[in-house]
Amino acid sequence: YEIGLKKTWGGRFQLNSSVFYADYQGFQAPLTVVLNPTTGSTGTQFLNLDSINWGVELEAQWAPIDNLQIFGSFAYLNTELQTGCCFVDTADPKALQPGATPTGTVLPNGSKPQSLKGNALPLTPETKLNLGANYTFDLASGSLTLGATTTYTGDMQTTIFGQSGYTAPSNTLTDLRALYKDADDRYTIIGYVKNVTDETAYQSSGLSSATAIGTLRQTVKLNFPRTYGVELQYRF
């Protein structure tokens, strides 16, 4: 279910907004399940889980003066698994990591199944905010547009288990862009810098099998570091 509003004021300010609610049934996830409670043997199966998702999305564009555009967006997303019990985390079979939710009977091999009910869906940050602006200079030879955007992404789980080792922390990334277009619209030169502050940002975070001293390894997938370049477009 979704309801939204789109409105423009004075030809200068536009707002798009929506509120939504979704009863998500059949989210497929690979999980380690108990095959034999007597021996404690486990195996991986794809299971269907149910969740409730709801949130708010806002998008706005404002042109206070000619050639200047300010834009932004905000999203709040709440996801919660409604089903999911009882499963073993192969990286943390004894459910010792912070955020683990052991439940049920401990298996003969010492593994502790966990309940997933109440956990967030993977890769769904609760909040995301984007702000940016573009200004275009009209020149005799063409036009030059300078722009900047900043994006904040909140914490997010990268699996359906809730341990802290599976959490990708929040980050803020800023990009800059300059675009020159000639008056005859034959070519465009684009210069850019991504992740200007060279912030370390995770796309995902996970736990792997224990080391020799009994601890867990955390494996992360990093976002791009500071990256810059120039692009040329020519139209024949």
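Start your tour at the largest pocket: 18 residues line it, and those nearest its centre are Pro-30, Leu-31, Thr-159, Ile-160 and Phe-161. Select these five first, and keep in mind that this is a predicted model.

Next, show the pocket itself, which has a volume of about 250 Å³. The largest share, 5 residues, comes from β2. If you colour the lining by residue type, you will find 11 nonpolar, 6 polar and 1 charged.

Now move on to the second largest pocket, with about 200 Å³ of space. Its lining has 14 residues, and Gly-147, Thr-149, Asp-175, Leu-176 and Arg-177 are the closest to its centre. Select β8 (142-153), β11 (171-182) and β12 here, as these elements each give two or more residues to the lining. β8 provides the largest share, 5 residues. By type, the lining of this second largest pocket splits into 7 nonpolar, 4 polar and 3 charged.

For the last stop, select Val-196, in the loop between β12 (187-194) and β13 (202-210). Is Val-196 buried, exposed or partly exposed? Its relative accessibility is 27%, so Val-196 counts as partly exposed. Then show what surrounds this residue: beyond its neighbours within four places in sequence, Val-196 is in contact with Thr-174, Asp-175, Leu-176 and Arg-226. Try the distance tool on Val-196 and Leu-176: they are 20 residues apart in sequence, and their C-alpha atoms are 7.4 Å apart in space.

Notes: Residues numbered from 1 in each chain as written. Predicted model: local features only at pLDDT ≥ 70, side-chain atom pairs only at ≥ 80, totals over all residues. Heavy atoms only, no water. Helix = DSSP H or I, 4+ residues; strand = E, 2+ residues; numbered from the N terminus. Buried < 20%, exposed > 50% of the residue type's maximum accessible area, 1.4 Å probe, protein only. Contact = heavy atoms within 4.5 Å. 1 Å grid on protein atoms, 1.4 Å probe; cavity = no way out; pocket = protein on both sides within 12 Å on 5 of 7 lines; lining within 4 Å. Points joined across faces, edges and corners; volume = space filled by probe spheres on them. Nonpolar A, V, L, I, M, F, W, Y, C, P; charged D, E, K, R; others polar.
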